[in-house]
Amino acid sequence: MSWVANVMLSVGPEDCHNAEAFSGWLDNECPRRELGMRPGGCGNLRLITAADNQWGGHKNPECEVFAGALNHADLAAVVEHFGSLAWHNPNAVQLFVMDQEESFFRVWMIRNGALRQYAPSSPDEEDDEFWPTAGS
């Protein structure tokens with residue numbers, strides 16, 4: 001059985017090397033969400049804004065976005081590792097994380113040297129008010 005998380009990483013051009021290193025960490029060292037599972041093998045991120053992009057519109061994106069679907073990744077460890085890296089421009093990096101059974105991305109950014117979440121913490125998928133009522 002799998003447990004999939006969708007992850008996107010937006011960086012400035014000066015941080016593409018760090019994004020690739022982060023992707024390598026995900027594939028080789030990332031802790032797993034279940035106890036007893038060997039670290040690594042969760043998946044990796046791929047640059048999706050290269051010249052051969054599949055985005056809509058008539059222009060190529062003017063940003064560097066890496067994306068991937070991770071399997072059994074310990075997302076708290078993923079976020080923590082993201083925040084610990086020596087980004088060249090930490091104010092420009094953004095990590096988007098949507099775990100399985102979640103309905104929206106949680107956005108993580110670094111501000112004043114601290115990792116911060118920039119998405120509503122509530123309501124979330126566990127709260128009754130998150131879901132529309134019948135007839136709405």
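**Note on the predicted model: sheet, salt bridges and aromatic contacts**

1. Asp-99 is buried, with a relative accessible area of 15%. This value, like the others in this note, belongs to a predicted model. The residue forms a salt bridge with Arg-33, and the closest N and O atoms of the pair are 3.8 Å apart. Since a salt bridge here requires a nitrogen within 4 Å of a carboxyl oxygen, the contact meets the criterion at 3.8 Å. Arg-33 is partly exposed, its relative accessible area being 37%.

2. What does the bridge between Arg-33 and Asp-99 tie together? Arg-33 belongs to the loop between α1 (16–28) and β2 (46–47), and Asp-99 to the loop between β4 (94–98) and β5 (106–111), so the pair ties together parts that are 66 residues apart in sequence. In total, the structure holds three salt bridges.

3. The other bridges to discuss involve Arg-106. Glu-102 forms a salt bridge with Arg-106, with 3.4 Å between the closest N and O atoms. Arg-106 also forms a salt bridge with Glu-125, where the corresponding separation is 2.8 Å. Arg-106 lies in strand β5 and Glu-125 in the segment after β6 (114–117), so this pair ties together parts that are 19 residues apart in sequence. Through shared partners, the salt bridges join Glu-102, Arg-106 and Glu-125 into one network.

4. Which members of this network are buried? Arg-106 and Glu-125 are both buried. The relative accessibility of Arg-106 is 11%, and the residue counts as buried because the limit is under 20%. Glu-102, by contrast, is partly exposed, with a relative accessible area of 27%. Arg-106 has a further contact: its charged end sits over the ring of Phe-104, 3.8 Å from the ring centre.

5. The strands form an open sheet of six, in the order β2-β3-β1-β4-β5-β6 and with antiparallel pairing. The edge strands are β2 and β6, each of which pairs on one side only.

6. Four of its five residues are buried, so β4 is largely enclosed by the rest of the structure. Five bridges join β1 to β4, and these strands run antiparallel. Within that pairing, Val-97 of β4 is the bridge partner of Val-7, and Met-8 stands opposite Phe-96 in β4. Four bridges join β4 to β5, again in an antiparallel arrangement; here the bridge partner of Leu-95 is Trp-108 in β5.

7. Helix α1 has 13 residues and reaches 18 Å from its first C-alpha to its last, close to the 18 Å expected at 1.5 Å a residue. Its buried residues are Cys-16, Asn-18, Ala-19, Phe-22, Ser-23, Trp-25 and Leu-26. What covers these buried residues? The covering elements include β1 (4–11), β3 (64–71), α2 (75–84) and β4.

8. The count of aromatic pairs comes to six. Among them are Phe-96 and Phe-105, whose ring centres are 6.3 Å apart and whose planes meet at 85°, so the pair is edge-to-face. Phe-105 counts as partly exposed, at 27% relative accessibility. One aromatic cluster is formed by Phe-22, Trp-25, Phe-82 and Trp-87. Phe-22 and Trp-25 are among the buried residues of α1.

9. Two backbone positions should be noted. Most residues other than glycine have a negative phi. His-72 has a phi near 60°, a positive value in a residue other than glycine, and is found in the loop between β3 and α2. Asn-112 likewise has a positive phi, near 50°, and is found in the loop between β5 and β6.

10. Are these two positions buried or exposed? His-72 is buried, with a relative accessible area of 11%, whereas Asn-112 is exposed, with a relative accessible area of 78%.

Note on methods: Residues numbered from 1 in each chain as written. Predicted model: local features only at pLDDT ≥ 70, side-chain atom pairs only at ≥ 80, totals over all residues. Heavy atoms only, no water. Salt bridge = Lys/Arg side-chain N within 4 Å of Asp/Glu carboxyl O. Helix = DSSP H or I, 4+ residues; strand = E, 2+ residues; numbered from the N terminus. Buried < 20%, exposed > 50% of the residue type's maximum accessible area, 1.4 Å probe, protein only. Expected span 1.5 Å × (residues − 1). Contact = heavy atoms within 4.5 Å. Phe/Tyr/Trp six-rings, centres within 6.5 Å; stacked < 30°, edge-to-face > 60°. Lys NZ or Arg CZ within 6 Å of the ring centre and 35° of its normal. Pairing = 2+ DSSP bridges.
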